[in-house]
Amino acid sequence: MEIHTQTQPIAERERSHSGSRLWAAMVQSKSMYALALPGILYLILFKFVPLWGLLIAFKEYNPFQGFWGSRWIGFTNFSDLFSSEVFYLMLRNTFAINIFSIIFMFPLPILLALMLNEIRHEVFKRINQSIVYLPHFLSWVVVASMTFFMLSTDIGLINKLISGMGFGPVSFLSNPNLFWGLLTAQSMWKEVGWGTIIFLAAMAGVDPQQYEAAVIDGASRMKQIWHVTLPAIRPTIIILLILRLGHMADVGFEQILLMNNPLVNSVSQVFDTYAYTIGVLGGKISVGVTVGTFKGVVGLILVLLSNFIVKKLGQEGIY
Amino acid sequence: MSYVATKKLTVFDYVNYSLLAVISIACVFPFIYVFSVSFTDPAAYVPLQFYLFPEKWSLAAYKYILSTNSFLNALKSTVYVTGIGTALSIIISFTFAYVLTKKHIPGRKLMLGAVVFTLVFNAGILPNYLLMKEMGLLNSHWSLILSGLTNAWSLLVIKGFLDSLPPELEDAARIDGCSDIGVFWRIVIPLSMPAIAAFVLFFAVSYWNTYFNALIYLSDAKKWTLQVLVKSLVIDSDSNGVGTGGSDDRVLPQETIRMASIVLAMLPILIVYPFLQKHFAKGVMLGSVKG
């Protein structure tokens, strides 16, 4: 740093030699480049080289001929995709799962955070937080396994209780009408507690004097929440909602893959699961890449749009 | 809030405390149930009854599962991937993030732009799969290690942390003749220990929990990691069951074994959980507010 600031004015005078100035700065930073090298190579090889593979969407990919040997077919893969029935199924499922999640899942961390924020007993609060944060760290395999032990028809605990009461088993896991609700409930169990953190932090920033003033004005606890706490966290809620809307193309893909079964295929098929089944398992690489590309581009547009809106509102976006 | 003048508990409080207690129980109940069944003596286990705690405790299910080769193999694979993966992740993430904090380096903006790009766009499942295939890494644990090595979120959070370190110490070391790498090693790394601890946990948990990458990259069952094995034990065998083989090592009721395998798959997470919670309540703030 010191050396750098000393060389700067000298370099400034030699404006005509800006190329050599850049070179000098680069040579001076050579050990920094050495430190960054593994990271740069990693990004190039594992994040940017695969982008090349997206071109397969415009090819009739044949694994034996490889990338270069395969024939270019323009937008045929895309027009095939858009004219297929499964495309609209995936579009509907992605949209429906996200709508379920936004309606039922988004408000819950706010509600839970409000409840935790009202707890005065520190130990009770901390124990509660420790418990509700825990499921966030479990793998989807563990969460799905627990779901099976609770809900499956042959070993599920809930079904044992139901049959204990003399009723027939309920097929929670293979009923297409229950599938979206099941996914939402699972996500709730896993993530609602963790989702409170950001709202609790926003609530911690509220000036205590506002509550004191509200109490003097005779506000009840509910009134304090409604007129002090909620307005204080409104910006946070709005920002998170817009960012959440930016992820409308994404669905919990590992979760769906684990909960999927042939009986619920019509409501569980989304872009990523389809890309996986048809591309990796079915060997139709071009179709899989086309689906993935479509989803990636739509997702990118939505994320950029939501960030643009957040920045327009005068907040820091995700980047 | 504690600012309210009265210390008396109101109806509001009773309702609130009760609701939170119910929510906590709903969160913790599946754990207790799975633990309880996994420790139940198989002879005393009655499939259609439910006990909160086993009537007769037993480690039989754990003894059985820890004696099977498939489980031990998967455990070894998972520990291998988690150990090597976490170590490499820390090295690559901290060195790269450190360079990203240095404003005078030509090309820094480009590198930062590349990182942010990976945050918003990913080539997707198949291009990544084809890359692993081309590199001959299918059915190698290195496919898992390499695919989770670092990510934009971690790099940006670590960069944010390193930005917050006081620059005076680095400057002083440079005046004393320390090289760039010397400064990184002797000044930055020791100052970053809290962040390194947090990210060791973060990377270790994500390697341990990886399921999908293992599913697509490892088709050879001998290479499977715990998550893939547990999935096949618990979910795939749901309708036919592992206990239908009839050989005498299958006398244990399958449920106790399946529950024990879940417990073992989440045990390391539960052990490090107190540390995770401490570090990540802060980390999530950095990540979601600042980025």
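This is a predicted model: local features need pLDDT of at least 70, side-chain atom pairs count only at pLDDT 80 or more; totals for chains, interfaces and linings use all residues.

User: Okay. How many helices and strands are there in chain B?
Analyst: Chain B has 13 helices and 0 strands. Read from the N terminus, its elements go α-α-α-α-α-α-α-α-α-α-α-α-α.

User: And how much of chain B is buried?
Analyst: Buried residues account for 38% of its 291 residues.

User: What about contacts in chain B between residues at least 6 apart in sequence? What share joins residues at least 24 apart?
Analyst: That share is 72%.

User: Now the two chains. How many residues of chain B are in contact with chain A?
Analyst: On the chain B side there are 84 residues, in contact with 82 residues of chain A. Helix α13 of chain B, residues 254-290, gives the most to the chain B side, with 14 residues.

User: Which residues make the contact?
Analyst: From α3(A) it is M32(A), L35(A), A36(A), P38(A), G39(A) and Y42(A). From α3(B) it is I92(B), T95(B), F96(B), Y98(B) and V99(B). By class, that contact has 9 nonpolar, 2 polar and no charged residues.

User: Now a pair within chain B. How do α8(B) and α9(B) pack?
Analyst: Helix α8(B) covers residues 167-175 and helix α9(B) covers residues 180-191. They pack at about 140 degrees, with axes 10 Å apart. α8(B) and α9(B) are therefore oblique to each other as well. The crossing of α8(B) past α9(B) is right-handed.

User: Which residues touch there?
Analyst: α8(B) brings L169(B), E170(B), A173(B) and R174(B). α9(B) brings V183(B), R186(B) and I187(B). In classes, the contact of α8(B) with α9(B) has 4 nonpolar, no polar and 3 charged residues.

User: Switching to α5(B). Is it largely enclosed, or open?
Analyst: Largely enclosed by the rest of the structure, because 8 of its 10 residues are buried. The buried ones are I125(B), L126(B), P127(B), N128(B), Y129(B), L130(B), L131(B) and M132(B).

User: What covers them?
Analyst: Parts of both chains. The cover includes α3, α16 and α17 of chain A, along with α6 and α11 of chain B.

User: What comes just after α5(B)?
Analyst: G136(B), which takes a positive phi of about 70 degrees. N139(B) lies in the loop between α5 and α6 of chain B. N139(B) has a positive phi too, about 65 degrees, although it is not a glycine.

User: Why point that out?
Analyst: Most residues other than glycine have a negative phi.

User: What is V205(B) in contact with?
Analyst: Leaving aside neighbours within four places in sequence, V205(B) is in contact with F137(A), I269(B) and L276(B).

User: How far is V205(B) from F35(B)?
Analyst: They are 170 residues apart in sequence, and 21 Å apart in space from C-alpha to C-alpha.

User: Last topic, chain A. Which domains is it divided into?
Analyst: Domain 1 spans 2-62 and domain 2 spans 76-312. Taken over C-alpha atoms, their centres are 39 Å apart.

User: How many residues are in contact between them?
Analyst: 8 residues of domain 1 are in contact with 6 residues of domain 2. The domain 1 side has 5 nonpolar, 1 polar and 2 charged residues.

Terms used. Residues are numbered from 1 along each chain as its sequence is written. Chains are lettered from A and ligands numbered from 1 in the order in which they are written. Two residues are in contact if their C-beta atoms, placed from the backbone, lie within 7 Å. Helices (H or I, at least four residues) and strands (E, at least two) are DSSP runs, numbered from the N terminus. Axes are lines fitted to C-alpha atoms, for helices over the stretch in contact, and angles run from 0 to 180 degrees between N-to-C directions. Angles under 35 degrees count as roughly parallel, over 145 as roughly antiparallel, 65 to 115 as roughly perpendicular and the rest as oblique. A crossing is left-handed if the near helix is turned anticlockwise from the far one by less than a right angle, and right-handed if clockwise. Ala, Val, Leu, Ile, Met, Phe, Trp, Tyr, Cys and Pro count as nonpolar, Asp, Glu, Lys and Arg as charged, and the others, Gly among them, as polar. Domain bounds come from an automatic or database domain assignment. A residue is buried if 20 or more other C-beta atoms lie within 10 Å of its own, exposed if 12 or fewer, and partly exposed in between; C-beta atoms are placed from the backbone.
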